[in-house]
Amino acid sequence: MADGFLGTPASLMLDVVVCSLVLVVPTLLFSIYLAKFKRNFRLHKKVQLVLGVVLAVVVCLFEVDMRMQGGFDELAKDSAYFGTTLMRNVLYIHLFFSVSTVFIWIATYVTALRSFPNPIAPSAFSPKHKLMARIAVADMVATVVTGLMVYYFGFMS
Ligand code: HEM
């Protein structure tokens, strides 16, 4: 059922997810700016944790909604790209990035929460956190870009 608010055949939760995806990148940039230039690690930690919780809730609601609506194929069946190799490949690449993002983000949270001192400050763990975090950010950006491509090919073409 097309109950979304962006005027496409997508569902409400799909439209919510797409809007969240668009907001993820500026939020991440702001959080990195806080850590790198402002050295405000407490706020960086808060922004990252709020972002993680909001994304987890949105993605869970989205997964439930997707199943209730009959799956991606049902919603995207009127797209000009439906059933094409291009559509399938974009979807699989998006799935690869989105699933790996969940794991690397959880690992980044768990290790940061366990390894940085309280009150939070840079420590011997900093180089490892920066490496993990950069991979996590790159994976998230790839998830956002490919997610928007899935939305475009599935619901806007
Ligand atoms: C997936 C979640 C997270 C991401 C993507 C992330 C991202 C980043 C990035 C990219 C930097 C490096 C900034 C620079 O280049 O200087 C950084 C630094 C830092 N982050 Fe995170 N972060 C995350 C979660 C956390 C959490 C949960 C904490 C606290 C428990 C934390 C604490 C810090 C600290 C203390 C630094 C500064 C390290 C230093 O400059 O020595 N981060 N983070």
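**Briefing: a predicted helical chain and its ligand shell**

Ala 112 has its place in helix H4, where helices are DSSP runs of H or I with at least four residues, strands are runs of E with at least two, and both are numbered from the N terminus. The structure is a predicted model, in which local features need pLDDT of at least 70 and side-chain atom pairs count only at pLDDT 80 or more, while totals for chains, interfaces and linings use all residues. Residues are numbered from 1 along each chain as its sequence is written. The protein chain holds 5 helices and 0 strands, and along the sequence its pattern reads α-α-α-α-α.

**Overall form and confidence**

- Taken along the principal axes, the box filled by the C-alpha atoms of the protein chain is roughly 55 × 30 × 25 Å.
- Of the 157 residues in the protein chain, 20% are buried; a residue is buried if 20 or more other C-beta atoms, placed from the backbone, lie within 10 Å of its own, exposed if 12 or fewer do, and partly exposed in between.
- Among the contacts in the protein chain with a separation of 6 or more, 69% join residues 24 or more positions apart, and two residues are in contact if their C-beta atoms, placed from the backbone, lie within 7 Å.
- The mean pLDDT of the protein chain, where pLDDT is the predictor's confidence in each residue on a scale from 0 to 100, is 94, and 99% of the residues reach 70 or more.
- Among the elements of the chain, helix H3 (residues 72-75) has the lowest mean pLDDT, 88, whereas H4 has the highest, 97.

- Helix H2 (residues 41-68) has 28 residues and spans 41 Å from its first C-alpha to its last, close to the expected 40 Å; the expected span of a helix is 1.5 Å times one less than its number of residues.
- The buried residues of H2 are His 44, Gln 48 and Leu 55, and they pack against helix H1 (12-36).
- After H2 comes Gly 70, which has a positive phi near 100°.
- Helix H5 has 30 residues and reaches 42 Å between its first and last C-alpha atoms, close to the 44 Å expected.
- The buried residues of H5 include Ala 133, Ala 136, Met 140, Val 144, Val 150 and Tyr 151, and the cover over the buried residues of H5 includes H1, H3 and H4.

**Nonpolar cores**

- The largest nonpolar core has 10 residues in all, among them Met 13, Val 17, Val 18, Leu 75, Tyr 151 and Phe 155; such a core is a set of buried Ala, Val, Leu, Ile, Met, Phe, Trp, Tyr and Cys residues joined through C-beta atoms within 7 Å.
- The elements that give two or more residues to this core are H1 and H5, and the largest share, 4 residues, comes from H1.
- Leaving aside residues up to four places away in sequence, Val 18 touches Leu 148 and Tyr 151.
- A second, separate core of 5 residues includes Trp 105, Ala 133, Met 140 and Val 144.

**The shell around the ligand**

- The ligand has 22 residues around it, of which Lys 36, Ala 112, Pro 122, Ser 126 and Ala 133 come nearest; a residue belongs to this group if its C-beta atom, placed from the backbone, lies within 6 Å of the molecule.
- At least two residues of the shell come from each of H1, H2, H4 (85-115) and H5 (126-155), and H5 gives the most, with 7 residues.
- By class, the shell has 13 nonpolar, 5 polar and 4 charged residues, with Ala, Val, Leu, Ile, Met, Phe, Trp, Tyr, Cys and Pro counted as nonpolar, Asp, Glu, Lys and Arg as charged, and the others, Gly among them, as polar.
- Ala 112 counts as buried because 21 other C-beta atoms lie within 10 Å, and its C-alpha is 8.1 Å from that of Phe 125, a residue 13 places away in sequence.

**Backbone details in the loops**

- Most residues other than glycine have a negative phi, and most peptide bonds are trans.
- Arg 39, in the loop between H1 and H2, has a positive phi near 55° although it is not a glycine, and Arg 39 is exposed, with 10 other C-beta atoms within 10 Å.
- The peptide bond from Asn 118 to Pro 119 is cis, with omega near 5°, and Pro 119 has its place in the loop between H4 and H5.
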